[in-house]
Amino acid sequence: KVDYSSFEYDFEVRSEKNIFKLEIERKELFSKINSYLEKNSIDASLNNISGLDSVETGFLIDFLCSYLPFSAEEKQLFLESKTLIERANLLLKVLGIAAVESKYVINPKTLH
């Protein structure tokens, strides 16, 4: 028997008031995403998208979690998030980990 009770928040109306419990402002989020795109040699930038400021925050978070080239494991974590706020904070953590990893790229030629 399928139990959907863990995902009851999926049916709630999203409100900006609830969404801004996030620990980050959109400007900082955009900066982290642009950095992620650049470090992964993805020829894109959120700065070039007109009207992005008018996109509802919840939709933007869900879009970024599904559209950006994260690993299958990371995408599964996003899918299993019970709330939008949890998913948004997870997105920020994944972006933070990616930023740290890019600083410490291991060159296989230097391994002995």
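**Close-up views: aromatic pairs and nonpolar core**

The structure holds four aromatic pairs. The model is predicted.

**View 1. Tyr36 and Phe70 form a tilted aromatic pair.** Tyr36 has 8% relative accessibility, so Tyr36 counts as buried. Phe70 is also buried, at 7% relative accessibility.

**View 2. Phe59 and Phe63 form a stacked aromatic pair.** The centre-to-centre distance is 6.3 Å, with 15° between the planes. Both residues belong to helix α3. They are four residues apart, so about one helical turn separates them. Phe63 is partly exposed, with a relative accessible area of 37%.

**View 3. Tyr36, Phe70 and Phe78 make up a cluster.** Ring pairs provide the links among these residues.

**View 4. The largest nonpolar core has 20 residues.** Leu29, Ile33, Phe70 and Leu91 touch the most other members. Helices α2 (26-39), α3 (57-67) and α5 (84-103) each supply at least two residues of this core. The largest share comes from α5, with six residues.

**View 5. Ile33 and its contacts beyond four places in sequence.** Ile33 touches Leu46, Leu64, Leu68 and Leu95. Residues up to four places away in sequence are not counted here. Ile33 is also one of the core residues that touch the most other members.

Definitions and conventions. Residues numbered from 1 in each chain as written. Predicted model: local features only at pLDDT ≥ 70, side-chain atom pairs only at ≥ 80, totals over all residues. Heavy atoms only, no water. Core = buried A, V, L, I, M, F, W, Y, C linked by side-chain atoms within 4.5 Å. Buried < 20%, exposed > 50% of the residue type's maximum accessible area, 1.4 Å probe, protein only. Contact = heavy atoms within 4.5 Å. Phe/Tyr/Trp six-rings, centres within 6.5 Å; stacked < 30°, edge-to-face > 60°.
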